[in-house]
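Hello,

Here is the structure I promised to hand over. Could you have a look at it alongside the notes below?

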Amino acid sequence: MEKSTGNKKVKVAVFISGRGTNLRSIYNFSKKRNSKINIKLVISNKKDAQGLIFSKKKKIITKIINYNKKIQAEKKILKILKLNKINIICLAGFMKILSENFINKCNIKILNIHPSLLPRYKGLNTHYRVLKNKEIFSGCTVHIVNKKLDSGKILFQKKLKINKNDTIKSLEKRILKIENKIYPLALMKFIRSNF
Ligand code: GRF
């Protein structure tokens, strides 16, 4: 798969499962002048993911991949990535764990955004666990995906102070706002130093 793009834009595939606010923020950023990003492809494992409405409206190539059979699904994804000459994958609320085999074969960098201050609170239900532990801070992290869940090199992180009256919902909302800001920035930073 392509790694060097010269002066051409870097072709990004965004993987989603739901809402797609991070997809939208990366897309909007990609439309700014001098942006090096081209969202070429959106992959969803759910046919009713809300983010698909946006990707179709923006005429981005959109593929729905049934994950009932993971091995076949990932084979299909690898083919689509190659066909579209994708340079980077951004996971944005993609609720499937990519297999080690996929990561090995993929040969391009995969980025992910996680709603906690990694390496703390890997996995699901981060806001619930953060509040339960009466943490003072939380935040979000963009990192490179490796074979261990939420454990790859950290590219960008933003901290937020938890309010006394924060609930899971309010914390999620406040952190999501920050996620939407930092994902495109982290992606740009990554592109600048790798392409
Ligand atoms: C975000 O909170 C992200 O950190 C997590 O899943 C959520 C996706 O949100 N991995 P959206 O679909 O981008 O709105």
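Below are the notes on what was found in it.

This is a predicted model, where local features need pLDDT of at least 70 and side-chain atom pairs count only at pLDDT 80 or more, while totals for chains, interfaces and linings use all residues. Residues are numbered from 1 along each chain as its sequence is written, and side-chain values use heavy atoms, with hydrogens and water left out.

Let me start with the sheet. Helices (H or I, at least four residues) and strands (E, at least two) are DSSP runs numbered from the N terminus, and two strands pair if DSSP finds at least two bridges between them. The sheet is open, with 7 strands in the order β3-β2-β1-β4-β5-β6-β7 and mixed pairing. β3 (61-64) and β7 (154-161) are at the edges with a single partner strand each, so one side of each has no neighbour in the sheet. From one strand to the next, the twist averages 20 degrees; axes are lines fitted to C-alpha atoms, for helices over the stretch in contact, with angles from 0 to 180 degrees between N-to-C directions.

Strand β2 (residues 37-44) runs parallel to β3 and is joined to β3 by 4 bridges. Ile-43 stands opposite Lys-63 in β3. Ser-44, also found in strand β2, is buried (under 20% relative accessible area, 1.4 Å probe, protein chains only), at 0%. Leaving aside residues up to four places away in sequence, Ser-44 touches several residues, including Ile-16, Leu-52 and Lys-63, where contact means heavy atoms within 4.5 Å.

Helix α6 (residues 168-194) lies across β1 (10-16), β2, β4 (88-91), β5 (109-114), β6 (137-144) and β7, at about 155 degrees to β7.

Now for the rings. A search of the whole structure finds 3 aromatic pairs; rings of Phe, Tyr and Trp (its six-membered ring) pair if their centres lie within 6.5 Å, with planes under 30 degrees apart counted as stacked, over 60 as edge-to-face and the rest as tilted. Phe-15 and Phe-94 have ring centres 5.2 Å apart and planes at 75 degrees, so the pair is edge-to-face. This pair links strand β1 with the loop between β4 and α4, 79 residues apart, and both residues are buried. Tyr-67 and Phe-94 are also edge-to-face, because their planes are at 75 degrees, with centres 5.8 Å apart. Ring pairs link Phe-15, Tyr-67 and Phe-94 into a cluster.

Best wishes

Key: Buried means under 20% relative accessible area, exposed over 50%, partly exposed in between (1.4 Å probe, protein chains only).
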